[in-house]
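The exercises below are to be worked with the sequence and the model side by side. Each task is followed by a solution in steps.

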Amino acid sequence: GGYFFEMNGYAGSDPVNFRSNHSNPITVHSPDEKGITPEQLDYIKAHFNKMESRVYSTDYRNRETGYRSMLDLDSFLKYFLSCEFSGNTDMLWQVFMYKKRGDDHVYTGPVWDADLALENDHAVYPGNQREDWTYTIRCAGNWGNFVSRILSDAGAMDRLQTIWAELRDKEIFTSESIQQYVDSLRLLVDASQRLNFIRWPYLNQKIHNNPKVWGSWKAEVDNVRNYVGERVKWMDKKLHYNMLDMADGVYQITTPLELVSFSRLVNNGQTDAKAVLTADMDFSDYTATFYPIGSLDNVFTGTIDGQYHTLSNLHLEGEENVGLIWCLGLRASVSNLFLDATCSMKGQRYVGGLVGYAKGGAPNIKCCGSAATVEATVDFAG
């Protein structure tokens, strides 16, 4: 026994079991209307309202007592990313959600109803020339405010950026690979589409919210192909993938994900990069994506000014040269940066809290501190 339900934009015509305390129409699909008992309906109604109330509570950002204690954030954000990538203006018109037995969390999904996606709605066409998220165009009930409330949490936005970065870092989700996938589908359904438009000859007709009639099957598919290729770039910009703000030639690092991007930038060859940290950073959600700054091939020779900020929950493990900075050069400068006791570094050799290996002598390190656990199974722990 679990529950499968829908925030239903067709509340005027579809059966709706209840409206939430924040005016969202909810239809329960499982148990269905024939099998659900009054007690079950009362239960899921109270549970949904409790989850919703935490989204709107004053401490909604709190990981333990806020909305994350009842709303599964990852499924919510992955649903959001899927729909935003495709430009689906129906993404907040009918939103499926579910609750598992024995689990207090409400999960979002599956993703569905994409007939208006991929440049097929005049309301957002051309999608890649718009600056705002697609979800702001159309929503049912009060769901747009619900989504905006989640996205106003800096932690949720950090997680959204991380999920996108993890997807992009796999290098199977690029403009080129997505366009190649469209081409493969074009070949797969070529014979079917010919039969389709013999049976239903509407290829050159404007239907529903179509922004434009492209005039041929090839042109229709090319439109989708062009859209998804550019959409990757649009999402990169919107979510600041591998993009960092600069001031007077110095990178401004505000979030853990931005420090991940800074590390990637150094390890790709910009070894003399300069950065300042503008906030404390909790790496609870980022340890899997963070790679130590610098390497033997790309020794870090730049500067990092922590501005007296603290890093927490950073856990790194490897064979050797383990630390926030993997390999630090003689000309480098690190200052005013602290690792607290929630951090840990483990490896065989050259393991440190702040620096795993200083190459060429003692670099300029001042006003720094580390309470991190450091463990080297062979030698050279610092």
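A contact means heavy atoms within 4.5 Å, and helices (H or I, at least four residues) and strands (E, at least two) are DSSP runs numbered from the N terminus. The model is predicted, so that local features need pLDDT of at least 70 and side-chain atom pairs count only at pLDDT 80 or more, while totals for chains, interfaces and linings use all residues. Residues are numbered from 1 along each chain as its sequence is written, and side-chain values use heavy atoms, with hydrogens and water left out.

**Exercise 1.** Describe helix α1 and find what covers its buried residues.

Step one is the extent: α1 runs over residues 38–55, and its 18 residues reach 26 Å from first C-alpha to last, close to the 26 Å expected at 1.5 Å a residue; the expected span is 1.5 Å times one less than the number of residues.

Step two is burial, where buried means under 20% relative accessible area, with a 1.4 Å probe and protein chains only. In α1 the buried residues are Ile44, His47, Phe48, Asn49, Met51, Glu52 and Val55.

Step three is the cover, which includes the strands β1 (3–8), β2 (18–19), β3 (25–30), β4 (94–99) and β5 (106–108), together with helix α3 (143–151).

**Exercise 2.** Characterise the largest pocket by its volume and its lining.

A pocket is an open set of points on a 1 Å grid over the protein atoms alone, where a 1.4 Å probe fits, with protein on both sides within 12 Å along at least five of seven lines; lining residues have an atom within 4 Å of a point.

The volume, the space filled by probe spheres set on the points, is about 990 Å³ for the largest pocket. Its lining has 40 residues, and Ala117, Leu118, Trp217, Glu220 and Val224 lie nearest the centre. Two or more lining residues come from each of α2 (73–86), α5 (175–188), α6 (190–199) and α7 (217–238), with α7 giving the largest share, six residues.

By class, the lining divides into 24 nonpolar, 10 polar and six charged residues, where Ala, Val, Leu, Ile, Met, Phe, Trp, Tyr, Cys and Pro count as nonpolar, Asp, Glu, Lys and Arg as charged, and the others, Gly among them, as polar.

Technical notes:
Buried < 20%, exposed > 50% of the residue type's maximum accessible area, 1.4 Å probe, protein only.
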